[in-house]
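Please work through each task before reading its solution.

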Amino acid sequence: MRCIIHDGEAGLGGVKLAERDVPEPGAGELRVKLRAAALNHRDIWTVLGRTPDEPAVILGSDGAGVIDALGPRVEARVEARVEAKVEAKLGQEVVINPGLGWLCKNDAPPEPGYPGLVLGYPDDGTLAEYVVIPAGNVAPKPRHLSWEEAAALPLVGLTTYRALFTMGGLKAGDWVVIPGIGAGTSIQALIFAKAMGARVAATSRSPEKLEKAKGFGADAVFPSDSAWADRLRELTGGLGADLVIESVGKATWDQSLACLRLGGRLVVFGSTSGDLVELDLVSVFIRWISIIGTTMGSAEEFAEMMAFSNAHGIRPVVDRVFPLEEGVEALRYLDGATQFGKVVVKIAD
Ligand SMILES: NC(=O)c1ccc[n+]([C@@H]2O[C@H](COP(=O)([O-])OP(=O)(O)OC[C@H]3O[C@@H](n4cnc5c(N)ncnc54)[C@H](OP(=O)(O)O)[C@@H]3O)[C@@H](O)[C@H]2O)c1
């Protein structure tokens with residue numbers, strides 16, 4: 001089968017199109033014949049962080065396709081995981097949950113034993129014609145989505161669903177601020193928040209992306225380099241935002257904290273522009289601020305996210321589709337950060 005691997009030198013220079021044997025599912029696993037996959041910033045962190053002595057890996061966490069083989073004992077595994085409402089039948093059209101080994105909705109993954117793994121490194125991922133995954137890691141493909149849209153939903157959908165609702169407690173009428181709206185996660189957070197009936201403020205370095213965000217329902221938009229925390233406070237009658245969804249990191253951190261209301265919450269799951277920030281502790285405790293870290297989410301939240309998406313007819317935003325043969329160009333395009341929404345790789349018709 002054709003696939004996009006990372007091998008050898010660290011960085012995008014080590015990404016290449018390759019041929020591999022079609023993998024066979026083991027006990028409790030199934031195989032998906034992929035129709036589309038989607039990229040995430042994680043793919044870039046992965047290739048930057050790998051060393052030349054590591055074995056080659058097929059990249060990609062997100063995908064959608066058709067179940068074409070079941071390993072032994074799949075039925076028993078699926079039955080034991082009914083809480084995740086798993087469907088695993090031959091010929092079933094599915095989307096893939098990229099989170100491995102975290103079943104139930106908790107403040108944090110269960111310890112001990114949680115491997116904290118995500119499909120696409122160290123396990124082979126979805127930028128391939130076939131992928132083998134645990135049988136519990138699929139959900140029926142929403143009928144209202146194209147293959148490209150279905151592939152774009154899982155990772156950003158799970159991450160932002162947990163960040164907004166499980167950890168952020170977002171309710172209808174709340175103000176949520178989403179810095180860096182060009183990110184795949186950010187635009188998905190905007191769409192979910194509007195479906196919940198919340199009010200959304202977005203920031204971006206790009207005027208075009210701010211215009212597009214308005215088209216997706218953003219109630220207020222601000223250039224990233226403006227004094228947007230002050231403007232948000234004015235807009236909310238001096239109160240500030242109920243929630244901030246942070247994934248930009250250093251570049252927006254100070255204003256993200258400053259724009260919160262007393263008792264507001266900042267949920268952080270990424271730091272694209274830099275990990276290290278200065279924190280004025282007084283401004284945190286004297287304003288009763290909560291800073292909450294999270295990562296993608298559990299199988300239970302994945303099922304909730306899919307149900308929410310089906311109920312609200314949620315469509316992820318696809319910026320651009322590349323054929324599998326151009327997977328390397330697709331990653332370079334994502335690295336350039338000009339996208340608005342998801343970069344998708346089409347694998348088969
Ligand atoms: N922990 C988890 O489970 C998890 C899950 C998903 C994502 N993440 C992380 O979340 C982050 C977002 O990921 P993604 O794939 O959705 O998007 P992405 O491709 O990393 O996009 C990041 C966005 O941040 C903004 N940005 C980047 N550098 C900036 C700077 N110097 N100043 C101001 N804004 C800047 C840009 O928005 P504008 O172009 O609009 O300015 C850009 O589009 C990544 O760090 C990713 O690793 C973590």
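**Exercise 1.** In which loop is the place of Ala337?

Solution. The model is a predicted one, in which local features need pLDDT of at least 70, side-chain atom pairs count only at pLDDT 80 or more, and totals for chains, interfaces and linings use all residues. Residues are numbered from 1 along each chain as its sequence is written. Helices (H or I, at least four residues) and strands (E, at least two) are DSSP runs, numbered from the N terminus. On this basis, Ala337 sits in the loop between helix 11 (327-335) and strand 18. Its phi is near 60°, a positive value in a residue other than glycine.

**Exercise 2.** Determine whether Trp288 is buried or exposed.

Solution. A residue is buried if 20 or more other C-beta atoms lie within 10 Å of its own, exposed if 12 or fewer, and partly exposed in between, with C-beta atoms placed from the backbone. Trp288 counts as exposed because it has 11 C-beta neighbours inside 10 Å. This residue belongs to the loop between helix 9 (281-285) and strand 16 (290-293), and its phi is positive, near 55°. For Ala337 the count is 13, so that residue is partly exposed.

**Exercise 3.** Characterise the shell around the ligand.

Solution. A residue is near a molecule if its C-beta atom, placed from the backbone, lies within 6 Å of it. The shell holds 31 residues, and Gly180, Gly182, Ala183, Ser204 and Gly270 are the closest. Helix 1 (41-49), helix 4, helix 5 and helix 8 (250-258) each give two or more residues. Domain bounds come from an automatic or database domain assignment. Because domain 1 (2-153 + 316-346) and domain 2 (158-293) both give residues to the shell, the ligand lies between them.
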